[in-house]
Amino acid sequence: MTKGAAARLYQRAFDILASQIREGKLPAGDRVLESGVAAQFGISRAPARQALQALQAEGLLDKLPGRGYAVRALAPGRPPRHGASAASRAHEAGPDLRLQARPSWAPIYAEVESQIAARTSFAGWQVNEAMLARHYQVSRTVARDVIGRLQQQGLLRKDESSRWLAPALTPEHVGQLYELRGLIEPAVLRDAYGKLPPGLLDQMARHLQQAIAHPRTIDGPLLDSLEQELHVTLLSYCGKQTMMQALALPQSLLIAHRYLYNWMPRLFPTEPFLAEHLEIVQSLRAGRPAAAAQLLKRHLQGSSSRAIMRIEAFAGQFVPEELPYLRRL
């Protein structure tokens, strides 16, 4: 972690803890330990120590003999709020207080993914790691991390010469990816069925019914969200790492579709997959996972030709700028 990142983490931990103390969520007398702050926020002990020292300097904490700090009494007229333990109260500020610095690849990843996913609709590309680093003014390590994640997502692969390639979404390639999905996803669905959390299927059915009832409100992000709910969120409850890894390559299509939906969401008056997804979800709600798996297989078989139509329609409209790190194959 860089010094700059550590400084940002210390400041964010300080801001949250100071707010909790001033609002009485951490009452006077509560003991606060460096190790506890580090664990609570998912940071190292160095920024946790800085945050506690700053809170002491601010007059919000008192140093205890030995280890730790105590929350200082609030000014008159600001009574503390007693009740739950300090550890549990810390979570009341939000659903996730972990302050880990973003991975170094994160600031540029989405843009690189978008640029490559769009271009594979009409051609294959070679990705040059050194030029990628130079273009975004990042280190080779960061560029390598971006490329590694693109490989994990199924967008890139290495050829026999160790070149990083993004294969074109030709009809043949798309057909093969959907064929793989048709073999793997129904099996994953059957495994996931018994592990689904309560309410998930009801929520999915509600989202699909709302989209079907209001087709004019559908946009690209909504279509992508509905695709993700079935093919990613639901299937992730399978819990079998090997099966999920096998899905990574064929599900690279979902990444391409995310951008295709955003650029041209209305290829069809009513998106056909909505009713198909709903039928699958309703079968699961009725306790018929084998039937749902068959419906999923049929859905994927029909989706192949529609995906090719969307890719070809987009490719006829998209005129990309030249990027130094991409070379057309």
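What is the mean pLDDT of the chain? The mean is 84, and 88% of the residues reach 70 or more, where pLDDT is the predictor's confidence in each residue, from 0 to 100. This is a predicted model, in which local features need pLDDT of at least 70 and side-chain atom pairs count only at pLDDT 80 or more, while totals for chains, interfaces and linings use all residues. Residues are numbered from 1 along each chain as its sequence is written, and side-chain values use heavy atoms, with hydrogens and water left out.

**Confidence along the chain**

- Helix α4 (residues 86-90) has the lowest confidence, at a mean of 38, whereas β4 has the highest, at 97; helices (H or I, at least four residues) and strands (E, at least two) are DSSP runs, numbered from the N terminus.
- Over residues 1-6 the pLDDT is below 50, and this stretch has 5 contacts in the model beyond near neighbours in sequence; a contact means heavy atoms within 4.5 Å.
- Residues 77-96 also have pLDDT under 50, and the model has 28 contacts for them beyond four places in sequence.

**The largest pocket**

- The largest pocket has a volume of about 340 Å³.
- A pocket, on a 1 Å grid over the protein atoms alone, is an open set of points with protein on both sides within 12 Å along at least five of seven lines; a cavity is a set of points where a 1.4 Å probe fits but cannot get out, and lining residues have an atom within 4 Å of a point.
- Grid points are joined across faces, edges and corners, and a volume is the space filled by probe spheres set on the points.
- The lining of the largest pocket includes at least two residues from each of α5 (106-119), α7 (140-152), α10 (220-234), α11 (241-248) and α12 (252-263), and α12 gives the most, with 4 residues.
- This lining comprises 7 nonpolar, 6 polar and 3 charged residues; Ala, Val, Leu, Ile, Met, Phe, Trp, Tyr, Cys and Pro count as nonpolar, Asp, Glu, Lys and Arg as charged, and the others, Gly among them, as polar.

**Cavities**

- The whole structure contains 4 cavities of 30 Å³ or more, and the largest cavity holds about 140 Å³ of space.
- Of the 16 residues that line the largest cavity, Tyr178, Glu227, His257, Tyr261 and Ser303 lie nearest its centre.
- Two or more residues of this lining come from each of α8 (171-193), α10, α12 and α14 (289-315), with the largest share, 5 residues, from α14.
- The second largest cavity holds about 80 Å³ of space, and its lining has 6 nonpolar, 4 polar and no charged residues.
- In the second largest cavity, α12 gives the most to the lining, with 3 residues; the lining residues include Ser252, Leu253 and Ala256.

**The sheet**

- An open sheet is formed by 4 strands in the order β5-β6-β4-β7, with antiparallel pairing; two strands pair if DSSP finds at least two bridges between them.
- The edge strands are β5 (157-158) and β7 (326-328), each with a single partner strand, so one side of each is left without a neighbour in the sheet.
- Strand β4 (residues 125-127) is joined to strand β6 (residues 164-166) by 3 bridges, and the two run antiparallel.
- Gln126 stands opposite Leu165 in β6.
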